[in-house]
Amino acid sequence: MANKLAVKFLRASQIPTKACHGCGIGMLENWILQAIDELGWTCEDVVFGTGIGCVGRQNYATWGGDNFGATHGRALAVATGLKLAQPDKKYVIIVGDGDAAAIGTSHLVHAARRNLGVTVICEDNMGYESTGGQFSPTTPMGYVMNSSPYGMVEPNFDPCDLVKAAGATFVAEHTSVQYLPAIKTIKRALQNDGFSFVHLRFQCNENFGQYALGTRDTLKNLAWIEEHTTGRRADGTPTDFVWQTGIKHDASNSRPEFSAILRELAARQQLPHNGPHLPDNGH
Amino acid sequence: MPLFGKPKVPVKAPGQYAVILSREMCKACGFCLNVCPTDVFEWDKRVNSAGWFPVRVAREEHCVGCMLCFQLCPDFCLTIERKTDPAAVEQVRAAIATWRQENPDAEVLVTE
Amino acid sequence: MAIELAAGSTLVAPWVEWSQRPLRGVKVLETGTYALTEGAIAAGCRFFAGYPITPATEIAEHISRRLPQVGGYYVQAEDELAGLHMCAGASLGGLKAMTASSGPGYTLMNDAYGWAIANEIPVVVVDAMRVGPVSGITGAPGQGEFYAARYVTHGGNFETIVLSPNSVQETFWLTIDAFNLAERFRTVVTILTDQVISDMQEDLWLPRDYDDLQDIVVPRRFNLDQPFYPQGSDAIDYPINVIGRGTGVCVSAYTHTPEGYDIEEMEAHWAQSYRLINKIRRHRDLLLRYEALGLEDAAVIAVAYGAAARTVKTAVLRARQRGLPVGFLRLITLWPFPDELFARDAQYLVCELNYDGQLVREVQRAAPDKRRVHFFGKTAELHTVAELTAALDALVAGRPLPALPYIWTALA
């Protein structure tokens with residue numbers, strides 16, 4: 001590989017990943033590496049955690065430092081235990097829309113509620129693309145996907161709203177054409193000593209493109225992302241919907257971080273010696 | 001403002017940037033070639049070992065350092081460095097050379 | 001304080017020796033859940049994540065108070081699946097970790113079990129069994145997770161270690177043993193206790209200072225070098241992988257290489273399965289724990305584990321007092337199943353707290369003649385001594401088992 005950040009931070013044997021050509025996951029990882037590099041962090045400082053699906057598989061084992069790929073939806077549960085045991089590391093938890101907005105939403109909500117000091121990058125290709133393109137809770141309404149052949153009739157939602165309501169101290173959303181704002185946002189998210197959620201929507205040519213857009217052309221799929229970021233098509237007409245991007249909520253460092261809370265509790269309660277806590281045992 | 005399909009523009013001060021591209025990593029998505037405003041890239045007629053016809057750097061001197069290709073490449077194929085800072089370019093080349101020494105089994109060919 | 005055994009009985013377990021050490025101790029009247037909590041603390045557990053459920057709730061109650069006292073962390077997880085994943089994460093970060101539940105929560109943990117087993121992460125999981133399925137009877141003992149604890153996740157290609165205590169004092173020592181085995185075998189060790197053993201109150205002797213147990217407790221040792229996963233090897237006492245020490249370890253849900261990378265080759269899965277199965281099978285001699293009485297001359301051997309074994313033992317002792325050639329076998333290690341204890345060609349009366357028959361099927365498989373293995377199942381209450389006496393008398397006399405209300409003897 002020739003990307004100098006990849007040389008610095010990634011594992012040569014795992015690149016190129018199994019990603020389809022034109023997939024946005026590698027772009028987003030490149031931006032995450034830039035954010036980490038600009039903050040001056042090293043492979044030893046940061047732990048990557050991923051889930052299952054395209055985002056999980058394509059990110060897993062790429063990072064040069066310690067990393068884990070949890071079961072589907074449970075990366076944040078593993079991260080909760082890890083953060084308590086190793087609180088000084090920076091945790092970048094990269095999960096897909098399935099992991100964050102479907103099977104793992106409970107853990108997402110509770111990690112936000114606890115203000116766990118991790119940065120969740122939810123890379124959202126608006127479907128379960130790894131299994132062939134079934135719709136997900138973030139698929140645009142009415143879109144045809146592999147399991148919504150008559151158009152998606154289930155209502156969808158934005159996980160940003162959910163984590164903000166649950167108590168996340170940093171919430172932001174960008175798309176896979178907003179590289180400079182996304183890198184800035186990711187830097188701010190990483191610097192929040194609390195729960196940060198960065199929602200990044202990106203293109204999937206092979207499955208979303210095939211079913212929802214009727215084309216696997218990489219340029220057309222990325223252009224679709226760009227149009228729904230600005231709200232305007234190339235011919236000037238408005239798109240069917242537009243994503244609200246930017247920093248949606250920034251209360252960085254305003255609430256106690258979860259592992260700090262438990263450490264302080266232990267510091268207050270710790271007994272002088274290691275034995276049963278009984279009146280006739282010196283307590 | 002569309003990403004692709006805009007006309008290529010002429011370069012006023014050519015030769016300022018080095019464009020280092022890995023042809024073995026390239027999966028021929030076409031983003032760099034189509035987004036580059038100054039027509040640096042073209043399609044390579046030789047296939048790489050993964051079966052893709054990758055992009056190659058045809059007119060490195062046209063590069064103006066906009067970094068669009070670097071930011072949009074999904075497969076870590078590119079580094080853009082100011083040639084007027086030869087130390088920076090050398091640093092990147094040295095890092096890549098060291099990495100290639102440490103990873104002899106990685107099949108990577110770097111075109112410059 | 002040494003364990004008292006009935007005359008002529010054998011107890012094979014590491015705490016036979018541990019309990020004979022001259023340590024300063026204190027005696028209390030406490031529950032099994034209390035003993036389990038103290039055993040975990042003594043073993044070095046510094047992380048618990050779980051969800052309250054009868055009859056394991058008191059473990060959460062006790063340990064939420066005790067862990068901050070020893071510099072540890074209690075997390076009340078949003079569900080049991082999260083709880084076990086959190087424990088795996090904490091263990092990966094270097095803390096000894098435990099979770100506790102009962103049947104309805106235990107069955108939610110399967111995916112997390114698989115992750116921890118496949119990645120060789122030491123965790124202790126407690127299932128305080130009650131009557132099921134689902135909520136069943138909240139406050140009554142069951143033994144319905146015998147097979148579930150062995151086949152605790154999907155996919156096969158692994159062995160599990162499952163232990164079961166039957167007294168408050170034994171719970172204390174067995175919990176320390178479970179943590180030790182988790183460290184030595186780099187796996188999840190399951191403690192199958194039940195509602196009776198959890199809630200009953202008995203004399204409990206505790207050392208005054210848990211640091212005195214240093215020679216007994218296996219400490220956490222970190223693996224700082226490749227290979228992270230010695231696939232194809234059956235070695236135990238391999239140090240534990242750790243995230244956060246700059247080792248570059250990779251931990252995932254996929255079949256993995258020795259470095260931890262995901263790989264889709266049959267040869268890699270063979271090597272991984274070889275390790276996960278054989279590291280336990282090839283060291284089963286280290287895992288054998290049981291209590292036995294009178295096996296050498298018994299014509300009928302009553303087999304049980306956990307709370308069920310309490311009344312079974314009483315019935316056997318009384319029968320022996322009347323001169324009947326009956327023996328008693330209490331399993332402490334349930335898995336790997338101790339086939340070697342069933343070599344004797346006797347009648348086996350397998351007493352367990354379920355109606356579908358689980359332990360009895362393993363005994364049938366292991367014993368020389370499965371027609372001489374009899375199922376004596378009951379649920380929600382322990383077998384009464386009278387029921388057991390009637391059964392033992394019948395088998396000794398060569399009669400079929402009596403038909404008793406609420407006792408199930410059919411297996412087909």
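**View 1. Strand 1 of chain B has both of its faces covered.** On one side sit B:Tyr17, B:Val19 and B:Leu21, on the other B:Ala18, B:Ile20 and B:Ser22, and all of them are buried. Keep in mind that this is a predicted model. Six of the six residues of the strand (17-22) count as buried, so the rest of the structure largely encloses it.

**View 2. Here strand 1 of chain B meets its antiparallel partner, strand 4 of chain B.** Five bridges link strand 1 to strand 4, which covers residues 78-82. To find your way along the pair, look for B:Ala18, which stands opposite B:Glu81 of strand 4.

**View 3. Over in chain C, six strands make up an open sheet.** Reading across, the order is 1-14-16-15-18-19, and the pairing is mixed. Strand 1 (9-12) and strand 19 (373-377) of chain C are the edges, each pairing on one side only. From one strand to the next, the twist averages 15°.

**View 4. Zooming in on that sheet, strands 15 and 16 of chain C run parallel.** Five bridges hold residues 300-304 of strand 15 to residues 326-331 of strand 16.

**View 5. Two helices of chain C, helix 11 and helix 13, meet the strands.** Helix 11 (308-321) lies across strands 14 (290-293), 15, 16 and 18 (347-352), at about 160° to strand 16. Helix 13 (385-396) packs on the sheet too, touching strands 15, 16, 18 and 19, and its direction makes about 165° with that of strand 18.

Conventions: Residues are numbered from 1 along each chain as its sequence is written. Chains are lettered from A and ligands numbered from 1 in the order in which they are written. This is a predicted model: local features need pLDDT of at least 70, side-chain atom pairs count only at pLDDT 80 or more; totals for chains, interfaces and linings use all residues. Side-chain values use heavy atoms; hydrogens and water are left out. Two strands pair if DSSP finds at least two bridges between them. Helices (H or I, at least four residues) and strands (E, at least two) are DSSP runs, numbered from the N terminus. Axes are lines fitted to C-alpha atoms, for helices over the stretch in contact, and angles run from 0 to 180 degrees between N-to-C directions. Contact means heavy atoms within 4.5 Å. Buried means under 20% relative accessible area, exposed over 50%, partly exposed in between (1.4 Å probe, protein chains only).
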